[in-house]
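Here is a short walk through a predicted model.

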Amino acid sequence: MALESNERPNRPIAKFESMLKTDDIYFFDAEDFEDIIHHYLNNGKIALAKKAIKIGLQQHPDSIELKLLNIEVLVFENQLDIAEQYLDELQILDATNEEIFIQRANIYSKKDNHEAAVALLNQALDLAENSFDIHSLLGMEYLFMDDFKLAKESFMRCVSFDEQDYSSLYNVIYCFEFLEDHDGAIVYLNDYLERNPYCEVAWHQLGKQYMYKKMYTEALAAFDFAIISDDTFIGAYFEKGKVLEKLGKYNEAIENYEATIKMEDPTSHAYLRIGKCHERLQNDDMAKYYYYHTVHEDPLLDKGWLAITDFYYRRENYTKALYYVNKALNIDGENPLYWKKCAYINAALKKYDQADFAFKQAVDLGNYELKTWLNWADVVLNNEDATSALQILAQGQEFYPDNAELKYKAAGFHLANNDIINGRICLMDALKIDIQKLPLFFEEFPQYTKSEWVLKAVEKAEKSSK
């Protein structure tokens, strides 16, 4: 039976949940049902939202708003055909309801037809009195289409409607960054801060833009203002620490990283930054202490293992460096930089087979740096395979066809392989490209510094370059 009004719970949500626990039936206004459903949707309680929709439509079968909420849930659950069928029925009843166009746009978005979604949202804009949410949806559609300029404009409109809409503010700055318009972002944020001088989010974002521009003094000031606006803003302390590192103020950087640890549970990233600062200060024991704390806090943070690797590599403790780079590779075996580091360590240990394998992995994963080709060729030659070493240099020349270093090295390798003809050809090519790098050839192959034919080739190249 239905309860009298004075027997019912005061709040609609509490009242609704009380009803679910009993066999009693409570009557709600359609607006109350809308509030209840929105509450459950916002909290991710879809099953309860669906139950509220079902009961709501039983009590208010003609409510268009409740029918639209039902369609919203159907779209969320990818029941798109049923949702479209219901929308067709609703559009006959109310052809000027902007929410119908919004839900149609959501369906097209789900089908990856973002152009059609944008067209429908623009129709909704023409009908809507409050267009705030529609501009936000438009911004997301433009992001899906990689149209960052129009996305930025849409999110800017959202911020102009509500300057506390930090989600849209972040999206505006994201668009500026993707467009590599850091100057534009700085102008926009400074203008925003003129109106909202105590917005820690905007100060934080402004500091990051100055960081991109390497304007470290300005970045430091921005992060300081973020901290003044909210002295518990961990992100501002962390970014301020990174700026202080750039300025060589490592002790002050450590203080800021430690502040983040005191305010919240320690993070591996904070430990890592503190370790790097101590290493710069040559506090080796403290650096090691924090590096090991990093991987203890997060054993899956490959950058932590790599920091320990680099620590030992710089101190020429290659055995330990190899142990720790393998830890990083076990976590991220698809990282070409880790394989390159592994190759250098194995080369230092004169484990040329392993170094050869590691360089190959690095290249297969997309590391095409000039030094990779040069050092890989050296490793293979040390493994007494001059033919493969020359093949590697030839591969490198495909990426760097006008690089003299590759040509000089190829000349030396050919000569070492008793291939005088190709050695001379490569040397003459290298001299034509850059005669100034000839000392690199003589440094690596000193046996040719007094070779008569080499000196004649150099003399000829010098004359032709004048």
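Start with a pair of helices. α19 passes α20 in a left-handed crossing. In residue terms, α19 covers 318-331 and α20 covers 336-348. Their axes lie 10 Å apart, and the packing angle is about 160 degrees. An angle over 145 degrees counts as roughly antiparallel, so α19 and α20 are roughly antiparallel to each other.

From α19 come Tyr318, Ala321, Leu322, Val325, Asn326, Ala328 and Leu329. They meet Tyr338, Trp339, Lys341, Cys342, Ile345, Asn346 and Ala348 of α20. By class, this contact holds 11 nonpolar residues, 2 polar and 1 charged.

Move along the chain to the next pair. Helix α21 spans residues 352-364, and helix α22 spans 370-382. Their axes come within 9 Å and cross at roughly 150 degrees. That angle makes α21 roughly antiparallel to α22. This crossing, too, is left-handed.

Which residues of α21 meet α22? They are Tyr352, Ala355, Asp356, Phe359, Lys360 and Val363. On the α22 side, the partners are Thr372, Trp373, Asn375, Trp376, Val379, Val380 and Asn382. The contact of α21 with α22 divides into 8 nonpolar, 3 polar and 2 charged residues.

α22 also packs against α23, which runs over residues 386-399. Here the axes are 8 Å apart and the angle is about 170 degrees. α22 and α23 are therefore roughly antiparallel to each other. In this contact α22 uses Trp373, Leu374, Trp376, Ala377, Val380 and Leu381. α23 answers with Ala386, Ser388, Ala389, Ile392, Leu393, Gln395, Gly396 and Phe399. The tally is 11 nonpolar and 3 polar residues, with no charged ones.

Last, turn to the pockets. How much space lies in the largest pocket? The volume is about 1100 Å³. Its lining counts 33 residues. Glu72, Glu99, Gln103, Asn106 and Leu137 lie nearest the centre. The elements that each give two or more residues to this lining are α2 (30-42), α4 (64-76), α6 (98-110), α7 (114-127) and α8 (132-144). By class, the lining has 16 nonpolar, 9 polar and 8 charged residues.

Terms used
Residues are numbered from 1 along each chain as its sequence is written. This is a predicted model: local features need pLDDT of at least 70, side-chain atom pairs count only at pLDDT 80 or more; totals for chains, interfaces and linings use all residues. Side-chain values use heavy atoms; hydrogens and water are left out. Axes are lines fitted to C-alpha atoms, for helices over the stretch in contact, and angles run from 0 to 180 degrees between N-to-C directions. Helices (H or I, at least four residues) and strands (E, at least two) are DSSP runs, numbered from the N terminus. Angles under 35 degrees count as roughly parallel, over 145 as roughly antiparallel, 65 to 115 as roughly perpendicular and the rest as oblique. A crossing is left-handed if the near helix is turned anticlockwise from the far one by less than a right angle, and right-handed if clockwise. Contact means heavy atoms within 4.5 Å. Ala, Val, Leu, Ile, Met, Phe, Trp, Tyr, Cys and Pro count as nonpolar, Asp, Glu, Lys and Arg as charged, and the others, Gly among them, as polar. On a 1 Å grid over the protein atoms alone, a cavity is a set of points where a 1.4 Å probe fits but cannot get out, and a pocket is an open set with protein on both sides within 12 Å along at least five of seven lines; lining residues have an atom within 4 Å of a point. Grid points are joined across faces, edges and corners, and a volume is the space filled by probe spheres set on the points.
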